[in-house]
Amino acid sequence: MERLTYAVRGLGCWRLDGADTEPRICRVTSVVALAESTLTQSRSRDPNRRSRWVDEIGPAKIVESYSAGIKLALVARGEADIYLNTYDAFHDWDICAGHILVVEAGGQVTGTGGQVLRYGLPDAWQRDGLLATNGRL
């Protein structure tokens with residue numbers, strides 16, 4: 001897709017797309033209303049059945065993608081406002097790089113109950129879900 005998103009702690013989140021010759025800074029959106037938000041979720045879901053989470057959030061738009069890292073990059077780039085992962089468990093390596101992208105772009109990443117994510121637990125498992133937002137939602 002010729003899209004690169006990268007971050008350095010304390011120095012921001014950046015993007016290079018297609019024929020870009022200079023990196024551009026990434027910023028999360030300023031959307032404050034769930035009804036105006038864009039939610040990113042996995043394509044692997046049944047397209048004929050919405051989750052209760054989607055019904056509760058009520059986003060204006062849903063963007064489907066593979067990979068937690070890509071979905072986190074979409075939030076960091078301002079192409080989505082929310083990424084919600086409600087899997088029972090997933091590994092640190094699925095989200096750690098995307099986590100810094102969102103934070104350096106001005107957003108927040110927590111467990112689904114607002115918990116601080118902890119890395120390096122036994123078997124590198126994350127068991128509190130994941131909620132990445134622009135920090136306003």
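The model is predicted: local features need pLDDT of at least 70, side-chain atom pairs count only at pLDDT 80 or more, and totals for chains, interfaces and linings use all residues. Residues are numbered from 1 along each chain as its sequence is written, and side-chain values use heavy atoms, with hydrogens and water left out. Helix 2 is largely enclosed by the rest of the structure, because eight of its ten residues are buried. No disulfides are counted.

**Helix 2**

- Helix 2 spans residues 68-77. Helices (H or I, at least four residues) and strands (E, at least two) are DSSP runs, numbered from the N terminus.
- Its buried residues are Ala68, Lys71, Leu72, Ala73, Leu74, Val75, Ala76 and Arg77. Buried means under 20% relative accessible area, exposed over 50%, and partly exposed in between (1.4 Å probe, protein chains only).
- At the start of the helix, a side-chain oxygen of Ser67 comes to within 3.2 Å of the backbone nitrogen of Gly69.
- Just after the helix, Gly78 has a positive phi of about 80°.

- Ser42 belongs to strand 4, residues 38-42.
- Ser42 counts as buried because its relative accessibility is 13%.
- The Ser42 side chain makes a polar contact with the side chain of Lys71, at 2.9 Å. Lys71 is one of the buried residues of helix 2.
- A polar contact also joins the side chains of Ser42 and Tyr87, at 3.3 Å. The term means a pair of N or O atoms within 3.5 Å; within protein, one must be able to donate a hydrogen and the other to accept it, and residues adjacent in sequence count only if both atoms are side-chain atoms.
- Leaving aside neighbours within four places in sequence, Ser42 is in contact (heavy atoms within 4.5 Å) with Glu64, Ser65, Lys71 and Tyr87.

**Cysteines**

- The disulfide count is zero. A disulfide here is a pair of cysteine sulfur atoms within 2.5 Å.
- The sulfur of Cys26 has its closest cysteine sulfur in Cys13, 3.9 Å away, which is too far for a bond.
- Cys96 is in no disulfide either; the nearest cysteine sulfur, that of Cys13, is 14 Å away.
- Cys26 is buried, at 1% relative accessible area. Cys96 is partly exposed, at 38%.

**Aromatic rings**

- Arg52 lies over the face of Trp53, 4.6 Å from the ring centre. A charge sits over a ring if NZ of Lys or CZ of Arg is within 6 Å of the ring centre and within 35 degrees of the ring normal.
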